[in-house]
Amino acid sequence: MADPAPLPTAELHLHIEGTLEPELALSLAARNRVPLRFAGLDELRRAYDFRDLQSFLDLYYELTAVLRQPQDYTDLAEAYLARAAAQGVRHAEVFFDPQAHLARGVPLEAVLEGLDEACRGGEERHGVTVRLIACFLRDRDPAEAEKLLPRLLPYRDLVIGVGLDSAELGRPPELFERVFARAADEGLRRVAHAGEEGPPDYVRSALDRLGVERIDHGIRSLEDDALVARLREEQVPLTVCPLSNVALRCVHRLVEHPLRRMLDEGLVATVNSDDPAYFGGYLHDNVVAASRALGLTPEHRRRLAENSFRASFLPEADKAQHLAALAASRP
Ligand code: HPA
Ligand SMILES: [Zn+2]
């Protein structure tokens, strides 16, 4: 059977640093004279083989070293927008990791100047609107996140929310209760990675202690019937990333992925690409692979696309426009 065509969709779980393709990593390394331990493209590609979240994060942070100037961030985001647009993405709420850049001596202003340049042109050049979500690194001191928050506020036209990412095990969401409460006071939107490698209780804690409006991943919620019932009742959106879950061995094989069960249980699941340069595919590649492995129907795919706009932080009028365009599209 032919692959399904992409539907207009919002991408809600995408780390801009995770869109760094090996070719771009090498060319930025050369441009900025940053030494890498890989002899060339083939050797670098061979490193994209992960045992778990931590082994991926080690490479992900290592390669961010090539990002130094505003232009590097513009090139990175521009390349993502071109690829995403070709895969049906019409709106993207993009994560970035300020602490990963600050720790290397790259000023927040340089990161945001570069990203802003690409994002502002996103609609005109690619038909994709973009907003940013700044993620706090949960394996670092929560006090660092608390210091960072006020520095994000001058950029709130672009940076509409905060998230929580990086190594999950042993770092429960409640460690970040104070900074998320401050973000809420400032009117920022809130999301958190939870239930990727961590237990279902981390999903509960993200909802109850951080007040998040979406859960990133959340696949381990399925281990807890009471939590599933709550997610269904409260219609909490889950930003699911099937190829990521297999690449990081959170799910053994795609045929065992819980995405279809989530939809059939009435959960507000969406499909996203997480770190597409590392995990083998952009948004529609995830939809196609999950469709094949799980036998998703055209109705499932339409629901995923509808869920993505409903779960987005777009103003209601824009959501309605996207949903109307989706309803009119009959690929
Ligand atoms: O999938 C992820 N999980 C946690 N942290 C991350 N940072 C980039 N990608 C991820
Ligand atoms: Zn992620």
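Residues count from 1 along each chain as its sequence is written, while chains are lettered from A and ligands numbered from 1 in the order in which they are written. Since this is a prediction, local features need pLDDT of at least 70 and side-chain atom pairs count only at pLDDT 80 or more, whereas totals for chains, interfaces and linings use all residues.

The protein has 17 helices and eight strands (DSSP runs numbered from the N terminus: H or I over at least four residues for helices, E over at least two for strands). Its radius of gyration, taken over C-alpha atoms, is 19 Å, close to the 20 Å from the globule rule (2.2 Å times the number of residues to the power 0.38) for 331 residues, so the protein is as compact as a globular protein of that length. Of these 331 residues, 49% are buried, meaning 20 or more other C-beta atoms, placed from the backbone, lie within 10 Å of a residue's own.

As for the sheet, eight strands line up in the order E1-E2-E3-E4-E5-E6-E7-E8, open and with parallel pairing (a pair needs at least two DSSP bridges). At the edges sit E1 (9-11) and E8 (268-271), each pairing on one side only. E4 (residues 159-165) and E5 (residues 189-194) pair in the parallel sense over two bridges, and glycine 161 has arginine 189 in E5 as its bridge partner.

On the record side, an unreviewed UniProt entry annotates residues 35-111 as "domain: PI-PLC Y-box"; such annotations may be inferred rather than shown by experiment. That span, residues 35-111, is 56% helix and 10% strand, with its end C-alpha atoms 21 Å apart.

How values were computed
Buried ≥ 20, exposed ≤ 12 C-beta atoms within 10 Å, placed from the backbone.
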